[in-house]
Amino acid sequence: MDWRQLRHSTLSTPDALAVGLERLILSGELAPGSRVPPERELAESLGVSRGSVREALRALASRGLVARRPGSGTVVLDPGATPRGDILASGLDATAELLQVMEVRACIEPSVTARAARRATPSDIVQLHALLDAMRREPTRQEFTDLDRTFHRAIAQYTRNPLLLRLLDRVYEIGEPGRRETSLSAARRRATIEEHQAILRAIEARDPEAARAASEAHLDSVLHRIEEQRKKSSDRDVENA
């Protein structure tokens, strides 16, 4: 892994490291149970002090994202892993269609986003800005899709409710095959970024109702796009019959 991606020019060094590591955890690139390199190794590869690395890891530990264990180093945790969360998520049908998955998200995520607007910390806001900035840098289709999911997962994480995070993780897992099959035009990318910006603006303003409304508008837009694609596909099937 190229640890240099953790650098961020507008933040203090410890904050930049914490934001970068959190993004790797939220995206799954640093999976639960994996180990973060030792402080000395990470500091040398980044050209920063061990004190900065130590402060960043301490911040992540306080947020429940890593555990610092004597003799084992720093281990990545799963913030959504709880026995109750696993039981809750295990009952969801893994064969649901994408449209069904999006309808579930439309029922849950606006309330999740409203709660995040009440509970997100300044560091959380910085992370959401970093994710949105990455979406603007013309990533590949897969990278854009991964960033989109990480943005929504981060919002669920910022409710500080692991049951909500685990439930939405399971919903995302079920919908992933269908998401890979949907088209993602340049116009759709721009619309997604604009809709995410509206969500972030409301969370940053600590406005739960505006955050709820922005989330509803975003998910309604996605649902409409899926329904339109399904209709076009059905029409082609009729023409080719």
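1. Aspartate 124 is a residue of helix α6, which spans residues 122-135. The model is a predicted one, and the remarks below should be read on that basis. With a relative accessibility of 0%, aspartate 124 counts as buried. Its side chain has a polar partner: the side chain of arginine 160, at 2.8 Å. Once residues up to four places away in sequence are set aside, aspartate 124 touches Glu22, Arg63, Arg119, Tyr158 and Arg160.

2. The crossing of α6 past α9 is left-handed. On the α6 side, the residues that meet α9 are Ile125, Leu128, His129, Leu132 and Met135. Their counterparts in α9 are Thr192, Ile193, His196, Gln197, Leu200, Ile203 and Glu204.

3. Arginine 188 belongs to helix α9. What is its relative accessible area, and is arginine 188 buried or exposed? The value is 9%, and arginine 188 is therefore buried. Its side chain is joined to that of glutamate 195 by a polar contact of 2.8 Å. Neighbours within four places in sequence aside, arginine 188 is in contact with Glu195, His218, Ser221, Val222 and Arg225.

4. Val222 is also touched by methionine 102, a residue of helix α5. Methionine 102 is buried, its relative accessible area being 3%. Apart from residues up to four places away in sequence, methionine 102 touches Leu219, Val222, Leu223 and Ile226. Methionine 102 and isoleucine 226 are 124 residues apart along the chain, yet their C-alpha atoms are separated by 9.0 Å.

5. Helix α5 (residues 98-119) packs with helix α7 (residues 141-157), at an angle of about 60° and with the axes 8 Å apart. The two helices are therefore oblique to each other. α5 passes α7 in a left-handed crossing. Arg105, Glu109, Val112, Thr113 and Ala116 of α5 make the contact with His152, Ile155 and Ala156 of α7.

6. The sheet is open and is formed by three strands in the order β1-β3-β2, with antiparallel pairing. Why is one side of β1 and of β2 left without a neighbour in the sheet? β1 (35-36) and β2 (66-69) stand at the edges and each has a single partner strand, so one side of each has no neighbour there. Strand β3, residues 73-76, pairs with β1 in the antiparallel sense over two bridges. In β3, threonine 74 stands opposite valine 36.

7. Four bridges join β2 to β3, and these strands run antiparallel. Glycine 73 of β3 has arginine 69 opposite. β2 and β3 form a hairpin with three residues between them. Glycine 71 lies in the turn and has a positive phi of about 90°.

Definitions and conventions:
Residues numbered from 1 in each chain as written. Predicted model: local features only at pLDDT ≥ 70, side-chain atom pairs only at ≥ 80, totals over all residues. Heavy atoms only, no water. Pairing = 2+ DSSP bridges. Buried < 20%, exposed > 50% of the residue type's maximum accessible area, 1.4 Å probe, protein only. Polar contact = N/O pair within 3.5 Å; in protein donor to acceptor, adjacent residues only side chain to side chain. Contact = heavy atoms within 4.5 Å. Left-handed = near helix turned anticlockwise from the far one by under 90°. Axes fitted to C-alpha atoms, helices over the stretch in contact; angles between N-to-C directions. Parallel < 35°, antiparallel > 145°, perpendicular 65-115°, else oblique.
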